[in-house]
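Hello,

Here is the structure we talked about. Please open it and read the notes below alongside it.

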Amino acid sequence: YATQADANAATNAIASPTTYSAPIGTTTIWVRDANGTCATVTSFTVTVHANPTPTADNKEVCVGATVDLTGSPMGGSWSGDHVTGSTFDATGVAAGNYTVTYTVTDGFGCVGSATATVTVKACGGPLCTYTQGYYGNTNGNSCDADGNGGDPVTYQDPTSLITAQLLNGGTLTVGISGRSVVMPVPDAAITAARINSVMPGNGTPRELTVAGDVDINTGAFTTAYLNKQGKINNVLLSQTITLGLNMRISSGLPDFALQAGEFATATPDGPCGTKTTKPQCTYSNVDPYGLIGGDTYTYKTITADVITALTNKGYPLTVSGLFMLANDALGNADGIVGTEGGASLSAINAAIDAINTGFDKCRVFVGWNVAHCSLTDPNALTSSGASRSSNTGLASVSQTDKLSISAYPNPFNDVVKFSIQSKVAGNAQLTIYNMLGQKINTIYNGYVPANKNILVEYKAQKTAQQNLIYILTINGEKVTGKVLNINN
């Protein structure tokens, strides 16, 4: 060193934080003092490593199943929705595409990542069921998606479908021995016509009242199990008969797995037997904001007490197990009136109805606990701020960061109330539209103070009770939502 000052400058140069951009590889850096006039003080070597460039494999998985994720090189980690470890779990996931990320850190601490797409598919063919209302109709086509040898079969009317299911499956019996209803095969067409004539059923779910096995074609059945209109007077009986027939249409229905929660089914987009389904969420551009949302999925619920009852009885958690539970309930197998296996007859009946209506007209299973569509197109109103809506069953709440409105009750009968809150003061307009996007009325047009609640009430005329779109605007901020009318 020429002087102590030079030595101090060199020390400071090394100690001071310095950013240096170097190419990949090994580079020698020479450090001089601040003036750069003295001889070389010291040198050190910097090695710059390239970040890893991993690859990730795209995957396909059926709704309700899991798939292992793979990437290269090994030893990385996965992240993304529905990812646990290196597994993508499609339980309760709607059909669609999902992005996952594979991240690799090498021995030098360098990080690289790659993305892949997991395609969740509604696998398998549709499951065909029909409602007790259909089985009581005099006409209307029906589909057996897997038919004979896997080829779809179309029936011209309900009686033809019932006849085919009796011939294919033999005598149908519901209830338990000594307290049951028998639907015999020897003349299937006569039995089918009889079933058709007494459907749909209604009345309180209850145990069978006759001690002994009753043929559906006999006078004993007419006396004990029909109302004055000639229809079945016990909805649990009619729904169980319906389920028994439905289990003979689609081979996969008896083994359909049940759990506590809500399942979703999708509408087929094609002829009898098609696996292609319509998209879940649709939004109309009839109105100027494109806000009218539609959800093509059907959602049905199986309650926890029914699953518990199946477990208590030792029955499989499937539709066939549910049919067994229903038969026990009709026959009062446990000897406790009003319940079976710990579940009420009403809960058992509701679960059967969920299956009978959930797959009506050959719908395709999507998954359990699938998210519903938003009432509002998530791509609408982006120029004036995002609109976020949720329907709680009691109130529809829409908000931006500065503006909030709730509508309640939802659904409403003849009166709906809107509660407006704004973080900024300004002139507000609250306008309601019908579902065609046609303006009904501006129900509020005035000043709204900041952080104060404004309550606006709308009363629908009996001749104009309908579902509503509402749009609230303050100082360029805009939110929207939908309220349903209980009469629709």
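**A buried glutamate**

Glu340 counts as buried, because its relative accessibility is 0% and the cut-off for buried is under 20%. Keep in mind that this is a predicted model.

Where does Glu340 sit? Its place is in strand S21, residues 339-340. Now look at what surrounds the side chain. Beyond its neighbours within four places in sequence, Glu340 is in contact with several residues, including Ala309, Lys313, Leu325, Asp328 and Ile348. Ala333 is also among these contacts. A polar atom of the Glu340 side chain lies 3.4 Å from the backbone nitrogen of Ala333. Glu207 is 133 residues away along the chain, yet its C-alpha atom is 10.0 Å from that of Glu340.

**A four-stranded sheet**

Next, move to the open sheet of four strands. Their order is S29-S28-S31-S32, and the pairing is antiparallel. S29 (439-448) and S32 are the edge strands, each pairing on one side only. From one strand to the next, the twist averages 15°.

Take S28 (residues 426-433) and S29. They pair over eight bridges. Asn427 has Tyr447 in S29 as its bridge partner.

Then take S31 (residues 468-474) and S32. These two are joined by seven antiparallel bridges. Leu472 faces Val479 in S32. S31 and S32 make a hairpin, with two residues between them. In the turn, Asn475 has a positive phi of about 50°.

Is S32 largely enclosed or open? Strand S32 (residues 477-483) is largely enclosed by the rest of the structure, because six of its seven residues are buried.

Best wishes

Conventions. Residues are numbered from 1 along each chain as its sequence is written. This is a predicted model: local features need pLDDT of at least 70, side-chain atom pairs count only at pLDDT 80 or more; totals for chains, interfaces and linings use all residues. Side-chain values use heavy atoms; hydrogens and water are left out. Buried means under 20% relative accessible area, exposed over 50%, partly exposed in between (1.4 Å probe, protein chains only). Contact means heavy atoms within 4.5 Å. A polar contact is a pair of N or O atoms within 3.5 Å; within protein, one must be able to donate a hydrogen and the other to accept it, and residues adjacent in sequence count only if both atoms are side-chain atoms. Two strands pair if DSSP finds at least two bridges between them. Axes are lines fitted to C-alpha atoms, for helices over the stretch in contact, and angles run from 0 to 180 degrees between N-to-C directions.
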